[in-house]
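This briefing describes selected residues of one protein structure, grouped by topic. Please keep the structure in view while reading.

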Amino acid sequence: MVELIRGLRTEEVRANLERVKAEIADVGRDPSDVQILAAVKYVPVDELEVLAEAGVELLGENRAQDLVAKAEAYPGAFTWDFIGHLQSRKVRQLLPHVRYIESVGSESALEQLGRHGTPATEILIEVNVAGEAGKSGIAPTELPGYLERSPVKVVGLMTMPPLAPTPEASREHFATLRELARDHGLTQLSMGTSQDYLVAVQEGATIVRLGTSLYRSRAS
């Protein structure tokens, strides 16, 4: 069982946020073109105030019920994306609280979006670029059909590459997602986590999903 992240400090989070922006600039991207999403799956609701004080604006949650609870606890304080495995029965409760659902990768999710989505609903389609068995996301070859059948607006793609020994090992998967998005006229690319976000940024990420690297100093 993973421990909840407690004892966040405003100055530490703010310093990490500025460090990440500087690193993004150092690899040749304008930091204003890359959204830093704080993944808060293991951050309890009472710690979110620290993130707001530190200037974190975009949060991502993996569990639908937790996203709803956290969003309702801090109305208007953050922009929310849903980044976890999307169960079709959770679509209805998520939609009032999120900017994007970043993890659409099933026919049942499309069906529920057709029932409960609105003209303002925007999603990213999750692509299993490496073809890992048992992993969420569609195959790259399925993307045209999903785009055609989606009842709501698709603004981009998301991926989680295989676990890799080095950040560089993920580059080919990020490049594949970038090419898929380009070929289909999609502008948002959610890819890269604390382990490999700079490689993702080099390959065109517009959203990076950061956890502990945003919350703790490198010395801790």
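Leaving out residues up to four places away in sequence, Lys 70 touches Val 40, Lys 41, Val 43, Val 45, Leu 48, Glu 61 and Trp 80, where contact means heavy atoms within 4.5 Å. The model is predicted, so local features need pLDDT of at least 70 and side-chain atom pairs count only at pLDDT 80 or more, while totals for chains, interfaces and linings use all residues. Residues are numbered from 1 along each chain as its sequence is written, and side-chain values use heavy atoms, without hydrogens and water.

**Lys 70**
- Lys 70 belongs to helix H3 (residues 64–73); helices are DSSP runs (H or I) of at least four residues, numbered from the N terminus.
- Lys 70 is buried, because its relative accessible area is 6% and buried means under 20% (1.4 Å probe, protein chains only).
- The side chain of Lys 70 reaches the backbone oxygen of Val 40 at 2.6 Å.

**Aromatic residues**
- The whole structure holds 2 aromatic pairs; rings of Phe, Tyr and Trp (its six-membered ring) pair if their centres lie within 6.5 Å, and planes over 60 degrees apart count as edge-to-face.
- Tyr 74 and Phe 78 are edge-to-face, because their ring centres are 6.1 Å apart and their planes stand at 65 degrees.
- Phe 78 and Trp 80 are also edge-to-face, with centres 6.2 Å apart and planes at 80 degrees.
- Tyr 74, Phe 78 and Trp 80 form one aromatic cluster.
- Trp 80 counts as buried, at 3% relative accessibility.

**Ala 109**
- Ala 109 lies in helix H5 (residues 107–116) and is buried at 0% relative accessibility.

Definitions and conventions:
Helix = DSSP H or I, 4+ residues; strand = E, 2+ residues; numbered from the N terminus. Buried < 20%, exposed > 50% of the residue type's maximum accessible area, 1.4 Å probe, protein only. Polar contact = N/O pair within 3.5 Å; in protein donor to acceptor, adjacent residues only side chain to side chain. Phe/Tyr/Trp six-rings, centres within 6.5 Å; stacked < 30°, edge-to-face > 60°.
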